[in-house]
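Hi everyone, thanks for coming. Let me put the sequence and structure up, and then I'll walk you through a few spots.

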Amino acid sequence: MIELTSVIRDLREELGRAVAAAEGEALRFELGPIELELSVALERSGQAGAKVRFWVVESGAEAAVSAVSAQRISLALQPALAGADTPPFISGRADAHEQ
């Protein structure tokens, strides 16, 4: 399983690379809302004041996690560049494993 914070951090890094690749390109795409649907497992430790942690379930592992507390969540993220008044632009070719 992967921590939800890692998934969002990696998404932010990928988008950052896409924004950088858009510089100087004639054809650019405005980055709009991003919707993610994830299977997550919840973990709460028994210590006082402990926080709940969300773990993203990798494909194929959901059956093993279902006994723990697997849930499906949807996130809608609105990307923005710090200090910018307009949405960021992205461009670039998809890698072989991307759609």
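So, is Asp10 buried, partly exposed or exposed? Asp10 is partly exposed, with a relative accessible area of 37%. Buried here means under 20% relative accessible area, exposed over 50%, and partly exposed in between, using a 1.4 Å probe and protein chains only.

Quick housekeeping. This is a predicted model, where local features need pLDDT of at least 70 and side-chain atom pairs count only at pLDDT 80 or more, while totals for chains, interfaces and linings use all residues. Residues are numbered from 1 along each chain as its sequence is written, and side-chain values use heavy atoms, with hydrogens and water left out.

Now, salt bridges: a side-chain nitrogen of Lys or Arg within 4 Å of a carboxyl oxygen of Asp or Glu. Searching the whole structure turns up three.

Asp10 pairs with Arg9, their closest N and O atoms sitting 3.6 Å apart. Arg9 is partly exposed too, at 40%.

Next, Glu14 bridges to Arg17, with 2.4 Å between the closest N and O atoms. Those two are three residues apart in helix H1 (residues 4-22), so about one helical turn separates them. Helices (H or I, at least four residues) and strands (E, at least two) are DSSP runs, numbered from the N terminus.

Then there's Arg72 with Glu37, at 3.0 Å between the closest N and O atoms. Arg72 is in strand E5 (residues 70-77) and Glu37 in strand E3 (residues 34-44), so this pair ties together parts 35 residues apart in sequence. Glu37 is exposed, at 52%.
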